[in-house]
Amino acid sequence: MRLLGIGLLLAGMVLVGFTFLHNWQADHEYSDTQQKLHEVLRKSAAPSAAADQKKPVFHEGDALAVLKIPRFGAEYSAVILEGVSRGTLEKGPGHFPGTAMPGEVGNFAVAGHRTGWGQPFHRLPELEKGDVIKVGREGTEYSYRVTRTKVVSPSDIGVVLPVPNEPDSKADKARITLTTCTDRGWNGTYVHRLVAWGELDKG
């Protein structure tokens with residue numbers, strides 16, 4: 001029993017060490033990727049010489065905008081990418097394809113990890129009504145104000161509709177939705193989602 005106990009203790013230490021190493025490596029890769037994406041956006045924001053510049057088309061994984069949330073600190077800055085595939089979300093928060101773009105009437109919906117892969121939405125539960133969410137794209141910064149937060153089930157896709165949870169309503173204003181995972185179940189899967197909604201601040 002003593003040997004079994006020692007064996008289990010060692011196995012636990014190895015598992016914790018492996019998890020720590022994996023998370024450290026993932027966070028390091030995330031940070032490096034985010035730095036490169038910030039540079040890509042900085043260059044793309046430069047004025048174009050084209051007279052009739054067309055609306056850009058974004059593909060899965062493309063850098064789209066920069067997210068800043070003052071409550072998370074002045075140093076918080078995350079590049080939002082197009083798409084919500086597993087590979088994309090490992091690099092940064094992802095924009096749900098088909099939802100509105102920053103500043104547009106509709107719902108600019110974004111998902112991000114709360115743990116691991118840089119955990120860009122780790123502090124999302126701290127958001128309160130009235131908090132500012134800033135989204136910068138192509139030299140313009142849009143400010144949204146948080147209206148409410150809620151914990152929902154993963155199957156509740158209505159949270160990213162043009163008018164959240166109102167499938168029959170037409171978009172009437174510019175909104176933002178940030179979503180992330182909350183708690184893990186016994187089998188390691190996340191059982192709830194945390195959602196924060198906001199509206200474009202016209203003041």
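How many helices and strands does the protein have? The predicted model contains 2 helices and 8 strands, where helices (H or I, at least four residues) and strands (E, at least two) are DSSP runs numbered from the N terminus. Along the sequence, these elements follow the pattern α-β-β-α-β-β-β-β-β-β. Residues are numbered from 1 along each chain as its sequence is written, and side-chain values use heavy atoms, without hydrogens and water. Because the model is predicted, local features need pLDDT of at least 70 and side-chain atom pairs count only at pLDDT 80 or more, whereas totals for chains, interfaces and linings use all residues.

The average pLDDT (the predictor's confidence in each residue, from 0 to 100) is 80, and 69% of the residues score at least 70. Residues 14-26 have a pLDDT below 50, and this stretch makes 1 contact beyond near neighbours in sequence, a contact being heavy atoms within 4.5 Å. For residues 48-52, pLDDT stays under 50, with 1 contact beyond four places in sequence. Where pLDDT is low, the predicted coordinates should not be read in detail.

Of the 203 residues, 33% are buried (under 20% relative accessible area; exposed, over 50%; partly exposed, in between; 1.4 Å probe, protein chains only). Among contacts with a separation of 6 or more, 56% link residues 24 or more positions apart.

Gln119 lies in the loop between β4 (106-111) and β5 (132-137) and is partly exposed, with a relative accessible area of 32%. Glu138 is located in the loop between β5 and β6 (140-152).
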